[in-house]
Amino acid sequence: MTLQAELIMKLHVQCGTNMEVKNDGSGYLNVIPIIGGTFDGKLSGEVVSGGADWNTARKDGVAHVFAKYLIKTERGEYIAIENEGKIKSDEISTIKTSPRFQADVNGRYAWLNSGIYVASLDAGAKEGQVEITVYKLN
């Protein structure tokens with residue numbers, strides 16, 4: 001059996017100015033605020049301001065990225081996203097992550113609560129923007 005992936009959404013996330021916690025002994029922590037954006041695909045809407053990406057560049061050359069934020073669909077439903085990945089610092093052109101969703105079990109997007117999701121994170125078209133393309137493995 002071959003794995004197949006279905007495109008779920010593309011997020012255009014606008015980030016704010018980095019807040020450097022700096023070296024905590026295990027690595028260099030940078031917190032990047034998420035200040036807005038949009039998304040489209042099987043669902044569409046806006047990225048809610050207030051989330052952040054906590055990324056740590058470790059001494060062994062591996063970077064750990066972890067973002068937690070909310071999106072609001074065009075129908076007014078909120079969905080929480082946690083997106084995490086680990087990459088070697090010399091492979092930073094495209095970051096591969098595993099997003100997890102929390103949606104209302106009685107809502108239109110409850111199907112996001114189950115399944116295996118993967119994503120790629122690339123630099124966006126605007127300054128301070130990242131584009132996250134999310135797929136569901138079938």
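Tutor: Helices (H or I, at least four residues) and strands (E, at least two) are DSSP runs, numbered from the N terminus. This is a predicted model, in which local features need pLDDT of at least 70 and side-chain atom pairs count only at pLDDT 80 or more, while totals for chains, interfaces and linings use all residues. Residues are numbered from 1 along each chain as its sequence is written, and side-chain values use heavy atoms, with hydrogens and water left out.

Student: What volume does the largest pocket have?

Tutor: On a 1 Å grid over the protein atoms alone, a pocket is an open set of points where a 1.4 Å probe fits, with protein on both sides within 12 Å along at least five of seven lines, and lining residues have an atom within 4 Å of a point. Grid points are joined across faces, edges and corners, and the volume is the space filled by probe spheres set on them. Among the strands that each supply at least two residues of this lining are strand 1 (5-15) and strand 3 (27-41). The volume is about 510 Å³.

Student: Is Pro33 buried or exposed?

Tutor: Pro33 lies in strand 3, and its C-alpha atom is separated by 5.7 Å from that of Cys15, 18 residues apart along the chain. Buried means under 20% relative accessible area, exposed over 50%, and partly exposed in between (1.4 Å probe, protein chains only). Because its relative accessible area is 17%, Pro33 is buried.

Student: What is the phi of Lys22?

Tutor: Lys22 is found in strand 2 (residues 19-23) and is partly exposed, with a relative accessible area of 45%. Although Lys22 is not a glycine, its phi is positive, at about 80°.
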